[in-house]
Amino acid sequence: MRLAVAALALAFLLGRPSDGVAAPFGTETYQPHKESAIAGTPFTRYFTTDRFRREITFYLSDSPDSVGPLPLIVFIQGSGGNSNFAQREGKILTQNGQGTLYGVCRGRARTLMVEKPGVRYLDPAGKPGEPPGTPEFCKEHTLERWTEAVEAAIRAARRIPGVRADRLLVMGHSEGGIVACRVARELGSVVTHVGCLSGGGPTQLYDLIALVRRGQLMGHSSDDPDVRVRTFLSLWDDILADSMSAEKLFLGHPYRRWFTFLRSSPIQELRPVDARIYVAQGLEDLSVDPESADVLYAELKALGKDVTYDRVPGASHAYTMKDRPNENGWQKLLGRVVEWYLHDDRTTGGSR
């Protein structure tokens, strides 16, 4: 059964935009409903209902019965409206780095991935110059509503046999970084470890301005960095003037996506969080200013947070290595994060 999307509204709650009306909690909210295994993969599909009464699809990796309950790792993908699975040459393949993560922690942890609301199983990414996904996805994809979907999947997955409830790693890459930080803040002590991989530090508006100034973004518009920045900021003013539009696009994403995500930041989300934190940043990243991660690390250290900082020389946004193209930098990074999580035998903490 497909549940109707709650009516959208323009309102503000606790100083941040509330872009949807939450329905009263019902008995089905956050309950896991198993559907079927995904053929040819180690994942099983489940559904649950979130506080917006949307049906949320998530996938949980299987594990041998002999190993007993395993800790959970939630990986939140970056931007875009494509499914976590794709079909090629008759085979079902995982996407968004999920398969690599499963291979790194197979038999030691269970991995959870969530489909973004409005994205259906096997949906492709939008083509260049077109919306990033379906009209429903473009309406649904705001920071608040995407975070709630992830939280609903986590709450449901923790009720499934074979999942340990005493520790939880939530990590996200790129756009998923700020989502992981928001989840850690909102779920409190449930999240014991959080990872922000190529996710920036201050608001993403800082990164965009830095990239424009360097000519890595909008470099064709002018040879003068200051002129480029003024041009870019005029486009940002256009977004502010119609901030909740799901039809108008900027850099391939709807205005409402930019408005809701850029009003917060990993720094802001992690301030009240007591979970252990892993920050990773490739130093050849052309999508995020590497200095953003420096700022995030400095802010967290100043607050006395338990933070590990993994600066990766020669690594791109996706951790491909500039001088070592055959090296699987993404796999190595995930391996370091997983070892940090699984080998942490200190007393688990929480937030607030």
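K34 stands opposite Y46 in β4, and β4 (residues 43–49) runs antiparallel to β3, to which four bridges join it. Strands here are DSSP runs of E of at least two residues and helices are runs of H or I of at least four, numbered from the N terminus; two strands pair if DSSP finds at least two bridges between them. The model is predicted, so that local features need pLDDT of at least 70 and side-chain atom pairs count only at pLDDT 80 or more, whereas totals for chains, interfaces and linings use all residues. Residues are numbered from 1 along each chain as its sequence is written, and side-chain values use heavy atoms, with hydrogens and water left out.

The hairpin of β3 and β4 has five residues between the strands, and G40 takes a positive phi near 80° there. These strands belong to an open sheet of nine strands with mixed pairing, in the order β3-β4-β5-β9-β6-β10-β11-β14-β15. The edge strands, each pairing on one side only, are β3 and β15 (307–312). On average, neighbouring strands of the sheet are turned by 20° against each other, direction ignored.

Helix α3 (residues 143–157) lies across β4, β5 (55–61), β6 (70–76), β9 (110–114) and β10 (163–173), at about 145° to β9. Axes are lines fitted to C-alpha atoms, for helices over the stretch in contact, and angles run from 0 to 180 degrees between N-to-C directions; contact means heavy atoms within 4.5 Å.

T29 is placed in the loop between β2 (16–18) and β3 (33–37). With a relative accessible area of 9%, T29 is buried (under 20%; exposed is over 50%, partly exposed in between; 1.4 Å probe, protein chains only). Not counting residues up to four places away in sequence, T29 touches T49, D50, R51 and R159. The C-alpha atoms of T29 and A152 are 8.0 Å apart in space, although the two residues are 123 residues apart in sequence.
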